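Here's a quick tour of a protein model, written for someone just starting out. Have a look at the fold, then read on.

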Amino acid sequence: MARWIAEWHPDDPAFWESSGKRVARRNLIFSIVAEHLGFTVWTLWSIVATKMGSYEFTTDQLFWLVALPNLIGSVLRVPYTFGPARFGGRNFTVVSAALLLIPAVLLGVAVNNPGTPYWLFLVIAALAGFGGGNFASSMANITYFYPRKKQGLALGLNAAGGNIGVSSVQLVMPLVIGSLGLAAAGWFWIPFVVVAGACAFFFMDNLTSAKADPREQLSVAGKAQTWIMSFLYIGTFGSFIGYSTAFPLLSQSLFPEAPFAAVAFAGPLVGSLIRPVGGWLADRLGGAPVTLWNFAAMGAGILLVWLASTSGNFWLFFLAFQLLFLTSGVGNGSTYRMIPAIFQAKAVAERGEGEEALLYGKRQAAAAIGIISAVGALGGFLINRAFGMSFAAAGTPAPAFLTFGLFYVSCFALTWWCYTRKVGVKAVASLAHARV
């Protein structure tokens, strides 16, 4: 039976301290558990692709297997965003967790058959995209549970707990596959997925106040801020998930003899753990300034990785890549803090400081999160395809690195123009309301 909470007022300090904080924390914990398993299934192919030498696929074909879950996962984030508002956060978390069983089971079956065709592997990789959709529904749901002043850290923790799923895959899977065979990459996660779904069923809640008309939520698609933040989120989260899934195969292609499988987990772990720090910094310094200078650091990071890729030294390459993971993690936290800040500031400017305005702003932010996270996740697909095409056309990742560097320069310029410049801002009301 569905469990609904009718009265929920997190921005009321008395309500928050008496009962709201405890309920919000419980829902956050089990949201993290489910989202973590979503990321593990979503990024399984980053390791599986490196273990498919017996199939004689080209490097470009293998990058397709790594890229496709990112593409499907990003598309699914749009409908997943509206799931909590339509069906309840608890209910939708249970269903989205159960869907992870499909790609896990099919992977376990397919790799046991040496004659499995490439197109079927593409289908199974695409179904792993179910895990990518979980992020949008989880983040949209948690937005409603926390007051405005605590959303940066709460969303950062929720996202970090999910992002660490990438590191879990890259740490555990080489050991599991080495001991139990490639099929275990699918079978291993099934009991964990079942536990995550059961925990969501028994310990999470639905909020009546989170229910919203999908048409009202979709109105954010017509707002310029949604698409500006989508572009910036390609630069932060798109970089994180793209580099996380590409690093093992990229390392294998550049340094075949290096022990990349033993350390691949480190970058995603660093990027995940630092994400709440990005949210925390944005709570205190403002999301826009943190995001602006973080893009400058990402531009420097991609230059270092490019130089290290030609050095012949894997460990130099590995260390340079850690800067990219570190900065993408900080940027994930700061950009996600900007989203509710922008939409709630605009709601207050248009409707006043009342609770109705705050709730309207949260609904707008929750819907925007879905669109922004969907577009941002496309970066994971684009990065892997860029590497695949670079190797196919030039035999080197250099063209891809050049493209990424130019993109970070454009993100820096857009952040400055829209959110940190001082001249001419008062003449543009939508930007003035978006100061974060």
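The largest nonpolar core has 119 residues, and Trp-45, Met-52 and Phe-404 have the most contacts inside it. A nonpolar core here is a set of buried Ala, Val, Leu, Ile, Met, Phe, Trp, Tyr and Cys residues joined through side-chain atoms within 4.5 Å. Buried means under 20% relative accessible area, exposed means over 50%, and partly exposed is in between (1.4 Å probe, protein chains only). Keep in mind that this is a predicted model, where local features need pLDDT of at least 70, side-chain atom pairs count only at pLDDT 80 or more, and totals for chains, interfaces and linings use all residues. Residues are numbered from 1 along each chain as its sequence is written, and side-chain values use heavy atoms, with hydrogens and water left out.

**Around the core**

- Leaving out residues up to four places away in sequence, Met-52 touches Trp-45, Phe-57, Leu-62, Leu-65, Phe-121 and Leu-182; contact means heavy atoms within 4.5 Å.
- One of those partners, Phe-121, is also among the buried residues of helix 6 (residues 118-127), along with Tyr-118, Ile-124, Ala-125 and Ala-126.
- Those buried residues of helix 6 pack against helix 2 (45-48), helix 3 (59-87) and helix 5 (101-110). Helices (H or I, at least four residues) and strands (E, at least two) are DSSP runs, numbered from the N terminus.

- Arg-385 lies in helix 17 and counts as buried, at 8% relative accessibility.
- Leaving aside neighbours within four places in sequence, Arg-385 is in contact with Asp-60, Phe-63, Trp-64 and Ala-67.
- Arg-385 and Leu-68 are 317 residues apart in sequence, but 9.2 Å apart in space, C-alpha to C-alpha.
- Ser-309 lies in helix 15 (residues 287-309), and is buried with a relative accessible area of 13%.
- The side chain of Ser-309 reaches the backbone oxygen of Trp-306 at 2.6 Å.
- Not counting residues up to four places away in sequence, Ser-309 touches Leu-254, Phe-255, Phe-317 and Phe-401.

**An exposed residue in a loop**

- Glu-56 is found in the loop between helix 2 and helix 3, and it is exposed, with a relative accessible area of 71%.
- Phi of Glu-56 is near 60°, a positive value in a residue other than glycine.
- Most residues other than glycine have a negative phi.

**Cavities**

- How many cavities of 30 Å³ or more does the structure hold? There are two. On a 1 Å grid over the protein atoms alone, a cavity is a set of points where a 1.4 Å probe fits but cannot get out, and lining residues have an atom within 4 Å of a point.
- A volume is the space filled by probe spheres set on the points, with grid points joined across faces, edges and corners.
- Helix 7 gives the most to the lining of the largest cavity, with four residues.
- That lining divides into three nonpolar, seven polar and one charged residue. Ala, Val, Leu, Ile, Met, Phe, Trp, Tyr, Cys and Pro count as nonpolar, Asp, Glu, Lys and Arg as charged, and the others, Gly among them, as polar.
- For the second largest cavity, helix 16 gives the most to the lining, with four residues.
- The lining of the second largest cavity has three nonpolar, one polar and three charged residues, including Lys-223 and Glu-350.

Terms used:
Polar contact = N/O pair within 3.5 Å; in protein donor to acceptor, adjacent residues only side chain to side chain. 1 Å grid on protein atoms, 1.4 Å probe; cavity = no way out; pocket = protein on both sides within 12 Å on 5 of 7 lines; lining within 4 Å.
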